[in-house]
Amino acid sequence: MNYMTMLDGWKNFYVIVGSSAGALIGLQFVVLTLIADRSGPRNDAQVSGAFATPSVVHFGVVLLLSAIVSAPWNGITAVAILWGLVGLIGIMYAVVVARRMRVQTIYRPVFEDWLFHVLLPFTAYATLAVSAYAARSHAQPVQFVVGAATLLLLFVGIHNAWDAITYHVFVHKPGQQEAERDQGDAGEIKEDPN
């Protein structure tokens, strides 16, 4: 069976997934711009490399995979090599993220953080790498595996972006407001009502 014929059924899937990833990348930039003026710890770069940047990377990978799979290839070999390389690079990146999470000192990661920032992305990238080997002999089932890995990266990115936003809205902001209120109270001179 011709690979292009098999891929025809996947075009809408990758248009939807790729468009979602592209829109979410843009939304990440908007949110980071809105919270950029907040005062906070000076080790923000450490935390960003461990928690914010991976979301944009995962969205970018989903967008890249959507472009790769949607291109008019003559066969599956080149596509499988590309998504295999993406998978191998992603595995290395998941290891880098794990290291960044471990060495940063601002936030102590809990199990959910390790699951969504390291384990699930590692699984998705490993799935891409392994599926590249099976693509020639099992082209049709492998497309479902690649689609599942792509969706997993999209959902991981959505979870992580939401988690970061809720942290800044519900955890970081109230603490910041209390600190500003305390500083304001210390500088005010209270008048005696009598």
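Analyst: Of the contacts in the chain between residues at least 6 apart in sequence, 82% join residues at least 24 apart, where contact means heavy atoms within 4.5 Å. This is a predicted model, in which local features need pLDDT of at least 70 and side-chain atom pairs count only at pLDDT 80 or more, while totals for chains, interfaces and linings use all residues. Residues are numbered from 1 along each chain as its sequence is written, and side-chain values use heavy atoms, with hydrogens and water left out.

The chain has six helices and zero strands, in the order α-α-α-α-α-α. Helices (H or I, at least four residues) and strands (E, at least two) are DSSP runs, numbered from the N terminus. Of the 194 residues, 37% count as buried; buried means under 20% relative accessible area, exposed over 50%, and partly exposed in between, with a 1.4 Å probe and protein chains only.

The largest nonpolar core holds 29 residues, and Trp83, Leu128 and Leu153 touch the most other members. At least two residues of this core come from each of α2 (11–35), α3 (44–70), α4 (76–103), α5 (111–134) and α6 (139–187). A nonpolar core is here a set of buried Ala, Val, Leu, Ile, Met, Phe, Trp, Tyr and Cys residues joined through side-chain atoms within 4.5 Å. Not counting residues up to four places away in sequence, Leu128 touches Leu65, Trp83, Gly84, Val86, Gly87, Val146, Ala149 and Leu153. Another core, of seven residues, lies apart from the largest one and includes Tyr93, Ala98, Met101 and Val118.

Next, the pairing of α4 with α5. Their axes are 7 Å apart and meet at an angle of about 160 degrees. Axes are lines fitted to C-alpha atoms, for helices over the stretch in contact, and angles run from 0 to 180 degrees between N-to-C directions. The two helices, α4 and α5, are therefore roughly antiparallel; angles over 145 degrees count as such, under 35 as roughly parallel, 65 to 115 as roughly perpendicular and the rest as oblique. The crossing of α4 with α5 is left-handed, a term used if the near helix is turned anticlockwise from the far one by less than a right angle, with clockwise giving right-handed. In the contact of α4 with α5, 17 residues are nonpolar, five polar and two charged. Ala, Val, Leu, Ile, Met, Phe, Trp, Tyr, Cys and Pro count as nonpolar, Asp, Glu, Lys and Arg as charged, and the others, Gly among them, as polar.

Ser131 is found in α5 and is buried, at a relative accessible area of 5%. Leaving out residues up to four places away in sequence, Ser131 touches Trp83, Val142, Val145 and Val146.

Ala161 lies in α6 and is buried, with a relative accessible area of 9%. Apart from neighbours within four places in sequence, Ala161 is in contact with Gln28 and Ser55. From Ala148 to Ala124, 24 residues apart along the chain, the C-alpha separation is 8.1 Å.
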